[in-house]
Amino acid sequence: MRTRQPPAIAVALVLLAGAGVAARAQQDAAALQARQYQQALHEMDTRGDCLAAIPLFNRAAEGPDRQLSARSLLYIGVCFETLGRDGADATYRRLLDRY
């Protein structure tokens with residue numbers, strides 16, 4: 001018995017739907033990264049709380065937007081320096097290695 005192939009249009013629609021879902025996930029990840037970055041900036045600049053900003057910048061540094069990731073790493077180093085803690089050098093090295 002011969003099996004019937006799905007019409008090419010149906011296959012194309014399924015592929016397009018999958019691509020749309022992937023693009024939406026990418027947009028959601030970028031939006032989350034931007035929110036985390038903005039929240040971290042608020043903590044650091046407005047509230048003066050570098051300790052609270054560091055984890056937010058770390059999460060933003062792992063997002064898909066390379067520019068925001070690099071900025072986040074830079075500000076993590078600044079926060080470590082402001083707090084007088086070790087870690088700024090390692091963070092700057094991470095920034096240089098990745099970007």
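1. Of the 99 residues in the chain, 26% are buried, where buried means under 20% relative accessible area, exposed over 50% and partly exposed in between, with a 1.4 Å probe and protein chains only. Keep in mind that this is a predicted model, where local features need pLDDT of at least 70, side-chain atom pairs count only at pLDDT 80 or more, and totals for chains, interfaces and linings use all residues. Residues are numbered from 1 along each chain as its sequence is written, and side-chain values use heavy atoms, with hydrogens and water left out.

2. On the fold: the chain has 4 helices and 0 strands, in the order α-α-α-α from the N terminus. Helices (H or I, at least four residues) and strands (E, at least two) are DSSP runs, numbered from the N terminus.

3. As for the surface, the chain exposes about 6,900 Å², with carbon and sulfur atoms supplying 56% of it; the areas come from the Shrake-Rupley method with a 1.4 Å probe, and for residues only the protein chains shown count as cover. Among contacts (heavy atoms within 4.5 Å) with a separation of 6 or more, 47% join residues 24 or more positions apart.

4. Now the pair I'd look at: helix 2 (residues 50-61) and helix 3 pack at about 160 degrees, with axes 8 Å apart. Axes are lines fitted to C-alpha atoms, for helices over the stretch in contact, and angles run from 0 to 180 degrees between N-to-C directions. Helix 2 and helix 3 are therefore roughly antiparallel (over 145 degrees; under 35 is roughly parallel, 65 to 115 roughly perpendicular and the rest oblique).

5. Who makes that contact? Helix 2 brings C50, L51, A53, I54, F57, N58, A60 and A61, while helix 3 brings S69, S72, L73, Y75, I76, C79, F80, T82 and L83. By class, the contact has 13 nonpolar, 4 polar and no charged residues. Here Ala, Val, Leu, Ile, Met, Phe, Trp, Tyr, Cys and Pro count as nonpolar, Asp, Glu, Lys and Arg as charged, and the others, Gly among them, as polar.

6. Take S72, which sits in helix 3 (residues 66-83). S72 is buried, at a relative accessible area of 0%. Neighbours within four places in sequence aside, S72 is in contact with Y37, F57, A60 and A61.

7. Over in helix 2 there is I54, which counts as buried at 10% relative accessibility. Not counting residues up to four places away in sequence, I54 touches I76, C79, F80 and L83.
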